[in-house]
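Visitor: Could you walk me through this model? I'd like to ask about a few spots as we go.
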Amino acid sequence: QTSVIFDIKLKGDFDGSTTIHQFVLPPRSIQPYQIPVAGPASVTSQAPVLCKLYSSSWIVFQPDIIISASEGYLWSLQVKLEPVVNLLLDKGKLMDFLLQRKECKMVILSVCSQMLSEPERGSLSVIATVFDKLNHEYKKYLEAEQSYTMVVETGLSRSNPLLKRPVRTQAVIDQSDMYTHVLSVFTEKKEAPHKFTIAVLMEYIRSLNQFQIAVQHYLYELVIKTLVQHNLFYMLHQFLQYHVLSDSKPLACLLLSLESIYPPAHQLSLDMLKRLSTANDEIVEVLLSKHQVLAALRFIRGIGGHDSISARKFLDAAKQAEDEMLFYTIFRFFEQRNQRLRGNPSFTPGEHCEEHVTFFKQVFGEHALMKPTTF
């Protein structure tokens with residue numbers, strides 16, 4: 001009285017003419033089933049009758065239909081996935097099996113959580129195998145979605161009315177799923193050695209990169225926060241220096257927030273913003289917020305944007321720095337710019353620099369203002 005489960009979509013042994021499949025799980029019995037007692041309303045309160053399993057009156061239609069001729073029932077067999085987790089100890093084979101099932105997502109995420117926690121913690125090689133199997137399915141879906149989008153955008157879908165959008169099955173475990181249900185929970189527990197924790201996070205990122213899936217910035221942020229929690233600043237520095245963590249504006253902002261506990265993070269953030277080449281405004285804002293007005297001015301001159309920058313923004317920052325010579329230098333720079341661009345060092349009303357002109361006169365005297373140069 002046992003049943004055996006085969007999965008013909010899994011890889012079998014091919015002998016040249018036939019593919020031979022072994023059963024996936026140890027033989028198990030069908031779960032007991034109770035048949036409700038039918039009859040008049042007065043007797044329906046009777047306890048249900050236990051169905052006799054594997055009856056001689058059963059007619060079985062592969063793969064999952066059972067008809068009981070004597071009792072007049074037709075059943076559809078279903079595989080309960082939760083117990084499978086403990087029956088199939090090879091995590092790689094377990095993932096292969098689960099990824100073929102319809103309602104697999106939460107069971108897969110549960111397996112991932114288990115293999116990162118005691119007492120069932122897996123080795124890094126096993127964890128890497130599981131991540132690769134999940135990301136292989138994830139990549140297949142992304143490619144199908146991308147192909148569909150390209151066909152729709154090029155208008156070819158009109159000539160192919162049978163074209164359908166790819167169906168996202170539960171086997172597609174994306175980065176958001178892993179972050180929400182597995183990785184963020186795993187790092188919060190703090191029960192694992194920090195080296196193992198970092199290794200797991202980097203292994204998942206490695207797997208995403210291997211399948212050329214763009215890594216979401218929140219995964220990098222999780223790595224950085226975990227490194228900071230364990231004071232592993234030297235490792236953080238190395239990860240950034242060797243571009244293990246990809247550049248992004250959100251990441252650069254996170255680094256800026258770490259400056260109080262790790263001063264080099266400020267320069268690391270600026271370097272990252274410079275490499276992005278689309279974050280010039282952010283770099284200027286960061287430097288001005290730190291009262292590094294000359295550095296901001298040098299940066300903007302270096303990229304050739306000094307003719308269009310706001311004079312008031314720089315003069316505001318110079319005044320807030322409470323350094324009179326700095327204010328004088330910045331003020332003189334914009335006077336010279338005005339002279340070069342308009343032939344007159346004065347500021348136009350549209351620049352809203354009147355209060356700074358008044359302040360300059362108070363500190364240095366009206367005679368210190370540049371006079372228009374005529375040729």
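Visitor: Which helix does Glu 145 lie in?
Guide: Glu 145 lies in helix 4, residues 124–153, where helices (H or I, at least four residues) and strands (E, at least two) are DSSP runs numbered from the N terminus. This is a predicted model, in which local features need pLDDT of at least 70 and side-chain atom pairs count only at pLDDT 80 or more, while totals for chains, interfaces and linings use all residues. Residues are numbered from 1 along each chain as its sequence is written, and side-chain values use heavy atoms, with hydrogens and water left out.

Visitor: Is Glu 145 buried or exposed?
Guide: Glu 145 is buried, because its relative accessible area is 14%, and buried means under 20% relative accessible area, with exposed over 50% and partly exposed in between (1.4 Å probe, protein chains only).

Visitor: And what is Glu 145 in contact with, leaving aside neighbours within four places in sequence?
Guide: With those neighbours set aside, Glu 145 is in contact with Arg 165 and Pro 166, contact being heavy atoms within 4.5 Å.

Visitor: Switching to cysteines, how many disulfides does the structure hold?
Guide: The structure holds zero disulfides, a disulfide being a pair of cysteine sulfur atoms within 2.5 Å. Cys 51 counts as buried at 7% relative accessibility, and Cys 353 is buried with a relative accessible area of 2%.

Visitor: What about helix 11, which of its residues are buried?
Guide: In helix 11, residues 280–289, the buried residues are Ile 283, Val 284, Val 286, Leu 287 and Leu 288. These buried residues pack against helix 9 (249–257), helix 10 (265–276), helix 12 (293–302) and helix 13 (311–320). After helix 11 comes His 291, whose phi is positive, near 60°.

Visitor: How many bridges join strand 6 to strand 7?
Guide: Strand 6, residues 65–68, pairs with strand 7 over four bridges in the antiparallel sense, and Ile 65 stands opposite Ser 76 in strand 7.

Visitor: Last one, how far apart are domain 2 and domain 3?
Guide: Their C-alpha centres lie 57 Å apart. Domain 2 covers 81–155 + 173–204 and domain 3 covers 295–374, with bounds that come from an automatic or database domain assignment.

Technical notes: Pairing = 2+ DSSP bridges.
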